[in-house]
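These are my notes on the two-chain model you sent. They are set out as numbered points, to be read beside the structure.

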Amino acid sequence: MTAPLDVSGTSSEAPPETVLEGASGKAIAGRSLGQIAWMRLKRDKVAMAGATVVVLLIVMALLAPLIVSWLGHPPDEFHEDLVDPNTGVPVGAWGGMSSDFLFGLEPSNGRDLFSRVVYGARISLLIAFLATILSVLIGTILGVVAGYFRGWVDTLISRAMDVFLAFPLLVFAIALVGAIPESAFGLTGDSLRIALLIFIIGFFNWPYIGRIIRGQTLSLREREFVDAARSLGARGPYIIFRELLPNLIAPVLIYSTLLIPSNILFEAALSFLGVGVRPPTPTWGGMLADAVRYYTIPHFTIFPGMAIFITVLAFNLFGDGLRDAFDPRSR
Amino acid sequence: MALTAIGTVIALGLTACGGGGGTPAGTGGGTAAAGAKDAFNASLTSVWNPSTKKGGTVKMANPGTWDSLDPGDTYYGYSFNFIRLYGRALLMFKSAPGKDGNTLVPDLAESLGQASDDNKTWTYKLRTGVKYEDGTPVTSKDVAYAVSRAFDKEVLPHGPSYLNELLNWPKDYKGAFKEPDRDISSAIETPDDQTIVFHLKQPFGSFDYIVQMPMTMPVPKDKDTGTKYQEHVMSTGPYMFDTNEIGKSFSLKRNPNWDPATDPNRPALPDRYEVALNVNADDIDNRLISGDLQVEVSGVGMGQAALTRVLNDPALKERTDNPQLQRLWYVSIPPEVKPFDNIECRKAVQFAVDRTSVQRAWGGPLAGGDIATGMIPPSMDGYKQIALYDTPEGKGDVTKAKAALQACGQPNGFETNISYRAERPKEKAYAEALQQSLAKVGIKLTLKPFPQGDYFSLYAGKPAYVQENNIGLAVNGWGSDYPETYGFMQAIVDSRTIRDAGNYNLSVKIPEVDQLIDQIKGEADAAKRTELWSQVDQRVMEEAVTMPGVYARSLLMRGKGLTNVFVSDSQQMYDYVGLGVQ
């Protein structure tokens, strides 16, 4: 995509002629699309805030054991002496919040809520990221193939997309996750469940990306530079990999950033319904499901709920900013 | 004998959210009904606010709904309690507080059953002068018809099937709906209008406990509409249906053809009962507290949200009762799953477990129950404290557990799985608590939730599955259909009940226990039976094939304005026959 060069950069302040003539005497450094987008992104404060939160979340997930050993307690450790045995409610105000237990305690067994929220980020982000990568891989490949070859290939792939989009994904996921055996494909227990969740979420979400990529390919393949390549004798694979794909990186990047939050929500929904990763592995959705019973103790709902909210919001803001940066006309 | 897990299980706190959370805390606490002083557990062993005043309306609500109002098609514990308001079975549990409520008294019959010497033939004489709501007299043929129609589980699927299995029915009998003219005299005879005789396949000493169930309530053949009979049950009790919208609400009014002279058991104080169905459980709790509602009819006890509020407010707590239920939550340890084939490994688990933590998982000493040491609940004959696996403060004994592990040849512990019903948050908490305490001695548990609908038929109750998938521990729960030890224990400790699937006994296979059960069946002396049951309990615990969790309790609230409130041991909730209003 070559169009949006006109918006940004100090160069636009100079009249076009001087730029062309090199009036200042300096050599004009050409900027790549990526550099221009990055420049625009840097100026978008909201997007940068989103990006910062995303980075912090990823760091938090990666360093969870370190953070927890420093600020909390092991996520599965019971602290029953800090919970009222009759009501199951943590002793002390605000659900037992203190410098020792930053977010308070879980009712009944008194697990450290802070540690569980921090560890919950690992499962959410791991599943969301890997599922998104899977969707993007399948979606991009099939989208480009459909858009480039058109004809019966396009018909076939497009109908397949329609079928996938019509699939009652949530219901299917519940049924499938409920029915998986203890070990399969050389995996067992939780790793098998995580792999399966990634597969289900990723495999059934590819048409969203696939459609966008197909549309972009359809318009790109008619452009002059593709014609030029073709007239020089280039064939299908070369055109796809050297001419089309590099120009598709922007939409791929944008839509994967926007797919991640929806995958996080989907994983949370599955955990909430009890078909996600098994307890006691902490997940945000699973914590919310536990909290339903204790809805009069708000802290139990608020922290995992806020974690999901902030994560999804941060990814969405960043994704929107990214899209604006690559294609300001879509604003 | 097939015991089905009874209705008290249904509403384990899955309902929440929505409605009614906004009543300000502390309102409406403590205003005692005139003349009665509120106190915690005031109606467990005696009548609270006794009265003989008639009139008024009792308002009830149910978080779910009845399986059916039809006496031949219902199996919920609260339904057995409530149905006595509009129906009369041959016998009933005495409407009296505490242990006294465990006694059987004649209701439609004149006296308890007359058994033949071999306990195979049971005869009941009916009282004269009992009528239906339309004035038609009740005869023994109506009782015989009621039993033979309830036989048909295709039309009336919910009810207990004791009589289907106990009576000597003709070969391939299909029930009164499909074979109305079949001769069933091999099972039931009615020599005259006031006499009914039951013929059993095998001797059965506790037959009286079976005929107190609602399937012996008379049904007039010409008014029977099969599956639709529950829309208008012909009442024989003091109340009859006024309005009835299935699944929404119903109300009862006085039955003009009920003659108190024929019925010494029912005071029948209120004029009216109004029952709302499918009401949000938290909403019910809040309305009970405010006084807008008087009885939560299913008797499962208050939900988590109300519990927190009630237990933190002494005035509200005084309005509650905390009865013990004839229900045990426990873990089965199938001895065919390695390494539990070695008794020392089973013992290691028993010593390692932190029983106070288990109690917390079930909801603490009030809402959850008491720490269990054996299989027989305290209110049943044969109960005793079993001290085999006592640990300091019940918190587990790592040294003893490690010693047992050493003796088992697994000094560093081992890995196994624990199954539970995915829909039940308390079973999950139970499994997590066990996982924590067993981890201290190196026994690593993996949690395996299964859907509750298939729990016994496909997973934990299927020995082949259990063995193949290495389910070393299985969360289990059991409640009795009637308050008699045989009815409670036989289905969960007799190894001869074990089939290919659908088992409730997942782990008790002790020949000695089977022999003791046979001995109990033939034992006429009740005191000796009690002693033998204690021996059974002791043997099961010695083999360590089950690990008792808690004897369940519930927290009930006395509605405002009620009189004559008491919990009877047979109902394990408020006795609905005795209630009155101011």
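What follows α6(A), and is the phi of that residue positive or negative? A:Arg150 follows α6(A), and its phi is positive, near 45°.

1. Basis of the notes. This is a predicted model, in which local features need pLDDT of at least 70, side-chain atom pairs count only at pLDDT 80 or more, and totals for chains, interfaces and linings use all residues. Residues are numbered from 1 along each chain as its sequence is written, while chains are lettered from A and ligands numbered from 1 in the order in which they are written.

2. Chain A overall. Chain A contains 13 helices and two strands. Helices (H or I, at least four residues) and strands (E, at least two) are DSSP runs, numbered from the N terminus. Of the 331 residues in chain A, 40% are buried. A residue counts as buried if 20 or more other C-beta atoms lie within 10 Å of its own, as exposed if 12 or fewer do, and as partly exposed in between, with C-beta atoms placed from the backbone.

3. Helix α6 of chain A. This helix covers residues 113–149, which is 37 residues. From first C-alpha to last it reaches 53 Å, close to the 54 Å expected at 1.5 Å a residue; the expected span is 1.5 Å times one less than the number of residues. Because 27 of its 37 residues are buried, α6(A) is largely enclosed by the rest of the structure.

4. The contact between chains. Chain A gives 22 residues to the contact and chain B gives 29. On the side of chain A that touches chain B there are eight nonpolar, nine polar and five charged residues. Here Ala, Val, Leu, Ile, Met, Phe, Trp, Tyr, Cys and Pro count as nonpolar, Asp, Glu, Lys and Arg as charged, and the others, Gly among them, as polar. Two residues are in contact if their C-beta atoms, placed from the backbone, lie within 7 Å.

5. Chain B overall. Chain B has 17 helices and 21 strands. Its radius of gyration is 24 Å, close to the 25 Å that the globule rule gives for 582 residues, so chain B is as compact as a globular protein of that length. The radius is taken over C-alpha atoms, and the rule is 2.2 Å times the number of residues to the power 0.38. Buried residues account for 54% of chain B.

6. Domains of chain B. The assignment gives domain 1 (114–223) and domain 2 (324–553); such bounds come from an automatic or database domain assignment. The centres of the two domains, taken over C-alpha atoms, are 37 Å apart.

7. A four-stranded sheet in chain B. The order of this open, antiparallel sheet is β4-β5-β7-β6. β4 (114–115) and β6 (188–189) stand at the edges with a single partner strand each, so one side of each lacks a neighbour in the sheet. β4(B) is joined to β5(B) (residues 121–125) by two bridges, and B:Ala115 lies opposite B:Trp122. Strands pair if DSSP finds at least two bridges between them.

8. Strand β18 of chain B. Eight of the eight residues of β18(B) (546–553) are buried, so the strand is largely enclosed by the rest of the structure. β13(B) (324–332) pairs with β18(B) in the antiparallel sense over six bridges, with B:Gln324 partnered by B:Arg553. β14(B) (369–371) also runs antiparallel to β18(B), joined by three bridges, and B:Asp370 has B:Tyr551 as its bridge partner.
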